[in-house]
Each structure stands twice: as C-alpha cells, then as structure tokens.
Amino acid sequence: MSLWVDRFRPKTLDELHYHQSLSTRLKALASSGDFPHILFYGPSGAGKKTRISCTLRQLFGSGVEKLKIDQRVFVSPSRRKIEINVVQSNYHIEITPSEAGNFDRVIIQELIKEIAQTQQVDVSAKQRFKVVVINEADTLSRDAQAALRRTMEKYMSNLRIILCANSTSRLIAPIKSRCLLIRVAAPSTEEMQTVLEHVAKKLKFDLPPEASCQIAEDAAGNMRKALLVFETLKMQSPDLSGPLNIAKPDWETYCHKIADLIVQEQSPERVMQVRAKFYELLSHCIPPTIILKTVADRVVERVDEALKADVMHWAAFYELRMRMGNKKIYHLEAWVVKIMCLYKHFTYNIDMSEFD
Amino acid sequence: MAKPVRQSQRPSVDVKGKSKETRTPVDDEDDILWVDKYEPTSEAELAVHKRKVEDVRRWLLEAFEGGPSAKLRKYRRILALSGPAGTAKTSTLRVLSRELDFEILEWRNSMSERGPSVFTNDEPGPNGLDFDAETLFDKFQAFLTRAMACNSIFGHHNTTQIRSQTQSSTQRPSKRQLVLLEDLPNLLHQPTQMRFQAALRSLCIPTSNLSEPPGPPIVIILSDSGLRGEQPDDDSWGAGGSARRWDKKEVLDIRNVLGPEFNPIAPTLMTKALQTLLASHFGSLDAHGREGKQPPREVIDIVVGSSNGDIRSAIMALQFACVVDLPASSMGSKGKAARKNAGGTKRTSVRAVLEAVTRREQSLVLFHLLGKILYNKRKFDPPASHLSSKDAAKERELDMQLTDPSPLPVWISHHNRKASRVCAEATESPIDSSMLGLYTHQNYTQFCTDIDQCDGICEGLSWVDCMGGALSANSPYAFRTLTLSTLHSLPTPVPRSGQKVCKPTWFDVRTRELEASDAVGDVLSWLGKNEAVGGDTDQGALSLVSAGKWTHANVATELGGWLGALNRCNIDRSKLQGGHHPQPPRTHRLFSYLPWSLGAVGGDVLGENEDGEVERGGDDDEDRDARLPGKMGGGEEGKGWLEDDDIEDAE
C-alpha cells in the first residue's frame, strides 16, 4: 500500500491530466536534441516534480525509473560531516541541498563536479548528458547559487540541470537567465476533479461529483493535498456520501486561533501567550514562513480595510529578516507586536474621532 | 561509615589538579581540601544514584571478566562517562577501583614538558634542533600504546609525563588495570581530534590473536558544557561560533561507546553525603583533642541549595563555612547584603556569605545584568520601597553625577528619556549577546506595561538577530544595540509586580523541534519502504515512486490529516479483523498532532546561582520512546525562585 498520490502519479507526459500544452512543449524539447537547463516553478502541489520525472522518462526511457537511494557523506571546509540523501538512476540524480542547511554550497560543488566530470558510459543511452534535479532550489543560499551558476556554464557538454522551485524571486538573476523558465500553474477546480475521478475509476468505486467538487475547492490548487484529503475521507467513510467534513490540518486551525488571539487583545501578556503558541508550532516542524503567512492571511481577514496593507507589509518585512537571521521566533514575535501596535492605535484613533 | 582515609596514608588523590598544592607533605590537616581528604571510599559514601554505579560496575566487570558468557570482553573497550562538573564521575571510578581491585593508569597533559606548542597537520614537527620536541599528542599516543601493550611493566617505568596510580605500593603483575583519560587533548583542534579518534578506534579493534587478552579497558571522562545560545535556529549546522561546545558523540566517533550520563547530584543525596562528611570530620578532630563546632543544619541546606548539583563546590563551600565561623564575622565584613539585614536573622547573612563563595561568576553576571536591564532605572526614579534610607541616599547621590542628555528636537521628542542609571559601556560582560538576547526575549513582557514598549524591544531583538546573520555572536555592536534598545523601550520606572526572571524555553523548543524533524525523516523513509514492500499495485512493481517527491516541509504540513485518519482506521480495524494498513512510525505524532491548549508559558525560573546554561536532555529515568503528546505540552515545574528583591540586594 502506498499513498494514492504516489500510486497514481502519472509516469509519462501523455498520462498527465492537465496543462496539455505544457506537456507538448516538454515533449518537443526532449526530442529536440538540444535540451536546455530548465527551471520549473509554481505553487506547491501543482505537479512540478511529476512533470520533471515525466520529462526525464521522455528523455531517457523507462531506465530512468530504476531508482536507488544513497546516503552520501560530504565534508565541509570545517571538516564537518554532512549526510544527504541522493536519489539516482543511471541517467539522473536528484538532490535536495537545503537538507544540508548552510553547507549546501559544498554539496552543489562536489556532487555536480563529480557528475559533470564523468561521461555517460552507457552507449545505448539516449542522451549524451546526465541530468541533475535540484529540489527546493529557492532555498539555496546565495553562495550555493553562485557556485551553481559557474557550474552550469562549465559543464554544459555532459550535464543538464533541472531546478524545481516555488517561486523565482529568491533565485539570483544569472541562474534565471541560464534556464528555460517553465511555470507550472496550479490546476483549476475542474482539472482537479478530472484527476480525482480518474483515481476513483482506477480504484473501481464511485465518486459523487459534489464530493469531488468539494475536495477540489478545499485544496485550492494543491493536487497533492486534494488526493491526500480524498484518501483520508475514503478511509473514514467508505461511501463518500452526504456532506463531507473536510478537516483542516491541525496546524492551520492553530494558526487561525493565533490570529484570533492577536486581534482580541493587545497586551504584553497576550504576546507571551502568542509566543507559547508559536513555539508549539515551531516544535512541530511547521516552517516559520508558512506560519507567518497563514497567520497573516487570517489577521487580514479580521482587521479593518485600512490596516490590511500594513499587516502584509510587515509580514513581508519580517519574513525577510527571518531569512537573514537565526532565531525565527524573534521575528515572528516582532511581527505580532507590530500588528498589535497598529491595531491598537487604529482602534484608539477611531474612538477619538467619534468623540469629536 | 568507613573511617576517613588520611592524605598521608594514601597515594595522591586526583581531583583535576585541585590537589596540586597538597602534593607537598602536609603537617597541618586544616590545609587539606576536604574534597581530597574525604574522598568517598565506598559505594555507600558516594552521592550517586545506585543504578548509575551499578551500570559502571557491570561494565567494568564485563570488561575484566567478560560477563556471564565470557565473550563480552572484547566489546567492552571504551566507556565514556559524561555529565556536568562535580557529579562524582571520577570518584565513582575510584571507589569502584578499590572495590573491584584494579589500578588506574591516568593520562595528564603536562604543560611544563611540552614540546613545540604548534601542532601541525603533518607528522611531528621538522626534524632537527630538538629531539625532545615531541608534541603533546605524540606523547599521548605513546602513552596509549604503552599502556595498552605492556601493562605490568608500565607501573615501574612510570616517569615524568605519565603518572600511574598504584593502589598499593607492592605491585603484583597480575593486577587488573584500567586506563583513565580525563585530561583530553585539545579536541577543538580538528587534526588533533581526528588523530584522537583514530587512536581510539585502533584500540577498539579486537586483537587478531584471540588467546592473547586485549589490553586494559579505557574510561573517558567528559564534563559537559550545556547548550549555547549561538546554536542557530535553522535546520543548519552552526557555522562557526559554536566552537565552544563539541558534541561528545562526534568527538568520540565510535558507536556504542557512550556510557551512563551522570546527572547533577540530587539535594537529598548531597545532604546525606555532606552530613556524613561533617560527622567524620568533627569526629576525627575530637580524637586529636581539638574542639570543633559543627555547622548547623541550615548551613548545609544553604550549601546544598546553592551548589546546583555540583558536589565538589558544595564541599568546598562547606569547608569554607566551617573555617570562617560564619555568622559572627559576617556581620562586620561581608558586604552590603549581609549588612542590609543587620539585626535580621542569622540565616540571611549566612546565606549571603555562602552564596558569595559558591556561585559561579558567570551566573552572577547574567542575573545581575538582566536585573539591571529589565528594571531600567533612570535618574530621579523614586527609590524602591524595600530600599533602606541609606541606599536611597546613595542612589540620589549617584543621580547627581549623571548628566542629562541634551533635549531632542520636537519631531523626535517622544524619544526623550531621562539619563539611565545603567551604564551601557560598563555592562560589557562575559555573557554573549545571543544568550542575553534569549533571556531578554523570554522575560521582557513582564516588565512592559504597554504593547508599544514591546514593539521597541522586539524590533531590537529582531534587528540584532538579522544583522549578525550566522555570526551574530561576533558582531561588536550586537550586545550594545540589544542593551540600549531594550533600555530605551522599557517603561520608566518599571512597575514592580513580583516579576520572576525565567530561563528561555527556546532550548526546550529547539530540542523538541529536532526530535520532530527526526520523526519527519522516519515517516519519509517509512513511506519509501512501505512502497517497496507493497509493490503489488495494479501498474506492476514499480519501486520508489515517492522517492524525492516529498520534502520535509510537505510531510510536516500536509500529511498530518492522512496519518491521523490512518491511525483511527487502524484502531477500528484492529478491533474487527486485525491490522490491515501498515503502521506508520509512532513518532509521527510529534509533528502531526497539535492540540490547542491555553497553557501558560513554561520555563524555569532563573535562580541567582545558575549560570544560564540549560542542561540538555532530561533524567534518563524518563522513557524516551514515550514522546507522546501528553508530555509535549507539559509545563515544567518551577524551581525555587528568588524574589525580585534579591536582584537588588546583590547589586
């Protein structure tokens, strides 16, 4: 048994359900013999990785599906050992350098150099080059990106790089200009419904259209989330009839409640309570940027029109600080306090104007 | 209760160089430190938990005799005892050496005979000039090999840099031996560390010749230092800055080498130990016809309370307490704190003196620094209610010396503040800025009255953290920016409402976060494995489809609901027909289960005698596998906290 998401993941470009024009383009690229470096970007759960693996299959044939997972050990300049998981086939290698944190530069340099310097020995291979897939490319440090930029030029003859990122804004311009940018947009509700129905058909049961619609709408363009919710619901109530009760993830409800706390009261004691909640979220491995975004979204819903822009401005401001700094909690809290200040002054001023 | 052994009758005792002075033959018994004089000689005297001692004993027996099946011997090569300073690690070993009758060969770094101080990466130094120019590490290695190879001869060839500890003057060649490494080489130096690991590893490899018994086992003693604030919050490794702390597992680099971890000594055990010590001390003095006045019970309590689980410092304090004849003399000479309560109870004065003796400098500094900053006293503040008129007068005098800052222009006049009594330049201290930041962050809310004040402080913390980046600890401005921004934003005067300064919960959260992230890893690999096994999908056996498709963040944020449903499903099914779905790793609840509770913020209250380092890991009685939600939200029981007045007293 595996997750439906993985089990029914399309294997070839033809099997993909949506973004057909993109599939055709990718197919053309793969057969052109002049395959470029590619940067796939788009929201989470839109199908970037699926498209990457389909493209790889188109390039190299089914041999690319014979994967093995290695744990590689790298040694940083300060002789610290860094362990990282590497997924590879004979034709490609897939890494997530952000697992190595600040030492991602070492990984990028070592690994890519190693691959680049070995020629493809398999004569029957369809392509002369190997492909390096770099996941979560937008979390790469500046150093690593700079290292990557040089490598991309130098080893073009026997190496292609496929980057996968949520947004291009965190990538340095030289990298963007060296890649073919391909945006994988989130699927629409109808497209997601098709996929859900396809899965239901494969599993030989009936999915009521209302249910699929509800699931798709709830997932808001995240295909992975939709399929997970679908599977979860199926597990809970096998017939999927009646109004569905789609539970939000615990952390999301948690974030919403934090937002409520912020709006309800603005005092140092409340800051302390909010901090405890943030700590709880952080200790559950919820990425701080996601926490900030979810809470901010909710706060925006609850405050006056005049404040909305400011709330988002400060969220962006402290998100940047969070990236540059070390201790996430300082910045999360600084944002909360800032919002509380704004909110308090805002309501105070309104009261005053009413008096006049 | 065994009779105390005198220094003169016994071979020299080592308590990490503290006994250097005692090497000279001592006539006057009063000159001997009690730590050395009343070193425990039997298990009953050890203030260590029975089970810990039992663990070590069992290991030693297995190392010497091979355990029940006599085969364990070659696996029991290295034992590492770890724990904070003064938790009787060395003493335990010595007591056991007496009990099990083996001798201890000990390595000492002898600075006097040190060769060239620079250790190079290459082989020993350039040949030539000085033949004795053997680096310290070479000596260490030589010691190890010699100690391993020729066990019995060793005792006689014992020379300068190698000192062997013989239990009895007559040495029997058959005597069992053990190598004790307490004074380790400089492990912060990478090449040295690697050679050290290599040396240890080579000792671990069992000898090919089975008939020949392996050399003596090795015991390494590691004194922990706690977690530091510099450790970055990221999922990344600390780039620099964290050099003060080395991970013991990493240093040793050998699996299964870590032995029991010693915890700070429990107050009850320590009280008992101190009482027996006193009993024997005064008992023996009486025999000499001298009169001794045993300190009252309350002195012991104070000593125990202020020692923070460090029995060595407790004994030192106790000796001091007995030497100076506390309560009488303290009135006149022992500082402001004692004088303040002149005519007050004896207890406070004793306490003040003893604390002055026992507490570590750093803890004092941190505690006072926080007090100074968070109370934010400025010129012409009304004196606090508990201050005596004399102190208030002193404060006024001080105020007169402060010059007022020139008034600011109108448009920034809201930044006008009275001159601060806290001198930012003078607050330079051994506390690093990241530690101060954590403590300020934990505590500032209690001292603010309004959210606007919080804003200034938070902004300061955030700015300092982000400007320094990975090297925030090294930034020359961090400390002062932090201090000044906090002082500027706090209200003046800070209203007093019995604030308690707490230790940052950050460390605790950090540990839990790491645990949860391990759990995410577990689930990730479980997903992969699960698939490889159950490859009977309708599309034929295709292994590892999920490989690389999931990231840690995805698992943590999106898989929670599914895992929860799977759990519920499994429970239902197991009632009906036995488990059908595979069981995900139990640890997944560490990140997938997040109940909303309106608990208060935990956090231990910082006591004056603590140095701000938070011990990592808990009691090992705690079941590590039971990392279940019930525990996670668990507030920590507060330790005894001091009234805020105490901050003032000690200033």
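Ala220(A) is found in the loop between H8 and H9 of chain A, where helices (H or I, at least four residues) and strands (E, at least two) are DSSP runs numbered from the N terminus. The phi of Ala220(A) is near 50°, a positive value in a residue other than glycine. With 13 C-beta neighbours inside 10 Å, Ala220(A) counts as partly exposed; a residue is buried if 20 or more other C-beta atoms lie within 10 Å of its own, exposed if 12 or fewer, and partly exposed in between, with C-beta atoms placed from the backbone.

This is a predicted model, in which local features need pLDDT of at least 70 and side-chain atom pairs count only at pLDDT 80 or more, while totals for chains, interfaces and linings use all residues. Residues are numbered from 1 along each chain as its sequence is written, and chains are lettered from A and ligands numbered from 1 in the order in which they are written.

## Helix H8 and its surroundings

Helix H8 of chain A spans residues 209–219, and its buried residues are Ala211(A), Ser212(A), Ile215(A), Ala216(A) and Ala219(A). Seen down the axis of H8(A), these buried residues fall within an arc of 125° and so line one face of the helix, the arc being that of the directions from the helix axis to the C-beta atoms. The cover over the buried residues of H8(A) includes helix H7 (189–202) and helix H9 (223–236) of chain A.

Lys204(A) has a positive phi of about 60° although it is not a glycine, and it is exposed, with 7 other C-beta atoms within 10 Å.

## Nonpolar cores

A nonpolar core is a set of buried Ala, Val, Leu, Ile, Met, Phe, Trp, Tyr and Cys residues joined through C-beta atoms within 7 Å. The largest such core has 150 residues, of which Phe40(A), Leu163(A), Ala226(A) and Ile339(A) touch the most other members. Helix H14 (residues 328–355) of chain A gives the most to this core, with 12 residues. Apart from it lies another core, of 53 residues, among them Leu60(B), Ala80(B), Leu81(B) and Ile104(B).

Leaving aside neighbours within four places in sequence, Ala226(A) is in contact with Met192(A), Leu196(A), Ile215(A), Ala216(A) and Ala219(A), contact meaning that the C-beta atoms of two residues, placed from the backbone, lie within 7 Å.

## A helix pair in chain B

Two packed helices are described by the angle between their axes and the distance between the axes. In chain B, the axes of helix H2 (residues 50–65) and helix H3 (residues 89–100) come within 11 Å and cross at roughly 50°; axes are lines fitted to C-alpha atoms, for helices over the stretch in contact, and angles run from 0 to 180 degrees between N-to-C directions. H2(B) and H3(B) are therefore oblique to each other, since angles under 35 degrees count as roughly parallel, over 145 as roughly antiparallel, 65 to 115 as roughly perpendicular and the rest as oblique. The contact is made by Val53(B), Val56(B), Arg57(B) and Leu60(B) of H2(B) and by Thr92(B), Leu96(B) and Leu100(B) of H3(B).

## Chain B overall

Chain B has 24 helices and six strands, and 35% of its 651 residues count as buried. Among contacts in chain B between residues at least 6 apart in sequence, 75% join residues at least 24 apart.
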